[in-house]
Amino acid sequence: MSRALIVIDVQESFRVRPLWEAISDPKIAHQADRLVQLARRAGDLVIWVLHSEPGSGDVFDPDLGHVRLLDGLERHDREPLIHKTSHNAFTTTNLQQLLTERGIRELTVCGIRTEQCVETTTRVASDLGYQVTFVSDATATNPIAHPDAPDEQSVAELLADPRTLSAEEVIRRTEYVLAGRFATITTVARLEAEAGSRA
């Protein structure tokens, strides 16, 4: 086993926020599960990561019960579950130790949000020497407000603001900055086809 799939923050916390109605892919759990099934069939390690902010009182506070996998995802007992408190999955966890102990050098990443925790984990992993595959259509994100927009915008106001960066633009930008520098960019279907050709 030299490869691992890291499923990042595909958790209920995001679904219960009002911004979920503007998520780029409300079926992100299905996309992530396709990768999980591929990884299991290949004998790759599946690592689950959840974002947690204990004591915050918001949707990432584990005491509120939302820090759990989205429906449609099922973790097997032997698959590690890591709770992080930083944007990337390395800094506040034992992820690197876990990977080193198992001799893993190749990572596939997916999850929420494309440009935040998934991209940041990808960049750190690349800097640590891992070969990273970023499965763009197995990530999801939301439109991003302009830096000068009011803090308490409604979703309708966010979407109506011409300065808002659309989720599609965010994903495209992430692909551009990662490709050839930090990761190989691919899709779920492409990985499934490659696995089928090896079978």
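Let's start with two helices, α4 (residues 114-127) and α6 (residues 167-178). Helices here are DSSP runs of H or I with at least four residues, strands are runs of E with at least two, and both are numbered from the N terminus. α4 and α6 pack at an angle of about 10°, with their axes 11 Å apart. The axes are lines fitted to C-alpha atoms over the stretch in contact, and angles run from 0 to 180 degrees between N-to-C directions. So α4 and α6 are roughly parallel, a label for angles under 35 degrees. Contact means heavy atoms within 4.5 Å. On the α4 side, Thr114, Glu115, Glu119, Thr122 and Arg123 take part. α6 brings Val170, Ile171, Arg173, Thr174, Val177 and Leu178.

A word on the source. This is a predicted model, where local features need pLDDT of at least 70, side-chain atom pairs need 80 or more, and totals for chains, interfaces and linings use all residues. Residues are numbered from 1 along each chain, and side-chain values use heavy atoms, without hydrogens or water.

Next, the loops. Arg113 sits in the loop between β4 and α4. A cis peptide bond joins Ile112 to Arg113, with omega about -10°. Most peptide bonds are trans, and most residues other than glycine have a negative phi. Now look at Asp9, in the loop between β1 and α1 (12-15). Phi of Asp9 is positive, near 60°. Is Asp9 buried or exposed? Asp9 counts as buried because its relative accessibility is 0%; buried means under 20% relative accessible area, exposed over 50%, and partly exposed in between, with a 1.4 Å probe and protein chains only.

Note on methods
Parallel < 35°, antiparallel > 145°, perpendicular 65-115°, else oblique.
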